[in-house]
Amino acid sequence: MLSRLVLVSGTDQSSSFFHDSLIQASRSLKTSSQSLAPLPPLPEKGGKVRHGIFPEELFQLLYPKTGVTGPYMLGTGLLLYMLSKEIYVINHETFVAASICGVIILGIKKFGPSVAAYADKLNEEKVAKFQEVKDVAMSSLTQAIEDEKKEQWRVEGRSMLFDAKRNNAAMLLETNYRERLHMVTNEVKRRLDYQIALQHLHRRMEQEHMVNWVEKSVVGSITPQQEKESIAKCITDLKALAKATQAKATA
């Protein structure tokens, strides 16, 4: 009984110590920089075990202190201690548990590989689906990145486009200015031509009026006697011209 009390008190103290250490570890993890570290990927397969339930890390932990047979002696000693102190009492439930464990072990040995292969197949199918979704997402994100780079390139070229548009607008304004200047020049030239033509018309009208006036004055100043004399003189000149022409023709 005393040994049982000592064991119980020892387990209580160890459990409390383990609980305190877990709390301190959780606090240190929450407050340390390790909480900001990226999570490691989950392993696809479990760690190595011995005899189906004992992890390999336990043996590796005890090897430097106890040697190769240390874990086995520790397990055997604990079992004998529990049996000698009647912590664990062998009864009919022990045989039932042993039978059930044997059936489970037999089932695992017989059907384990096929079940594991089927589970691996399902896992591979799920991984393939997840990989397909990941590839589609990666391709879409890659395309989005390419589109974003293209848009950035277009934004960089927008200044050149604006410069070209400003140059085109300046050229258009210059063309309109030149057209209006040419139109003004043509209008001014047309009006000046009109004024020159009007001046020429006035000068010509004045000349014609002057000629008509001089002609009328001259005609009005000629008397009938002078007219008869001039006519006679013209007839005489014509006769003389006719005789000279006939003489030249006969010669």
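The model is a predicted one, in which local features need pLDDT of at least 70 and side-chain atom pairs count only at pLDDT 80 or more, while totals for chains, interfaces and linings use all residues. Residues are numbered from 1 along each chain as its sequence is written, and side-chain values use heavy atoms, with hydrogens and water left out.

Helices (H or I, at least four residues) and strands (E, at least two) are DSSP runs, numbered from the N terminus. Helix 4 covers residues 92-221, and its 130 residues reach 179 Å from the first C-alpha to the last, close to the 194 Å expected at 1.5 Å a residue; the expected span is 1.5 Å times one less than the number of residues. Helix 4 also carries a kink of about 60° at Phe 111, shortly before the proline Pro 113, where the bend is the angle between axes fitted to the seven residues ending at a residue and the seven starting there.

Thr 94 belongs to helix 4 as well, and it counts as buried because its relative accessibility is 18%; buried means under 20% relative accessible area, exposed over 50%, and partly exposed in between (1.4 Å probe, protein chains only). The side chains of Thr 94 and Tyr 88 are joined by a polar contact of 2.8 Å. Such a contact is a pair of N or O atoms within 3.5 Å; within protein, one must be able to donate a hydrogen and the other to accept it, and residues adjacent in sequence count only if both atoms are side-chain atoms. Not counting residues up to four places away in sequence, Thr 94 touches Tyr 88 and Val 89, contact being defined as heavy atoms within 4.5 Å.

The loop between helix 3 (70-84) and helix 4 holds Glu 86, which has a positive phi of about 55° although it is not a glycine. Helix 3 itself has 15 residues and reaches 20 Å from its first C-alpha to its last, close to the 21 Å expected at 1.5 Å a residue.

Helix 2 (residues 56-66) contains Leu 62, and Glu 56 is placed in helix 2 too. Leaving aside neighbours within four places in sequence, Leu 62 is in contact with Gly 67, Pro 71 and Leu 74; Leu 62 and Leu 74 are twelve residues apart in sequence and 9.6 Å apart in space, C-alpha to C-alpha. Glu 56, with the corresponding residues up to four places away not counted, touches Lys 48, Val 49 and Arg 50, and a polar contact of 2.8 Å joins the side chains of Glu 56 and Arg 50.

The table gives accessibility for selected residues.

| Residue | Relative accessibility | Class |
|---|---|---|
| Glu 56 | 15% | buried |
| Leu 62 | 16% | buried |
| Cys 101 | 42% | partly exposed |
| Cys 234 | 45% | partly exposed |

With a disulfide taken as a pair of cysteine sulfur atoms within 2.5 Å, the count comes to zero.

For the protein chain overall, there are five helices and two strands, which follow the pattern α-β-β-α-α-α-α along the sequence. Buried residues make up 2% of the 251 residues, and the chain exposes about 23,100 Å², of which carbon and sulfur atoms supply 66%.

Methods:
Accessible areas come from the Shrake-Rupley method with a 1.4 Å probe; for residues, only the protein chains shown count as cover.
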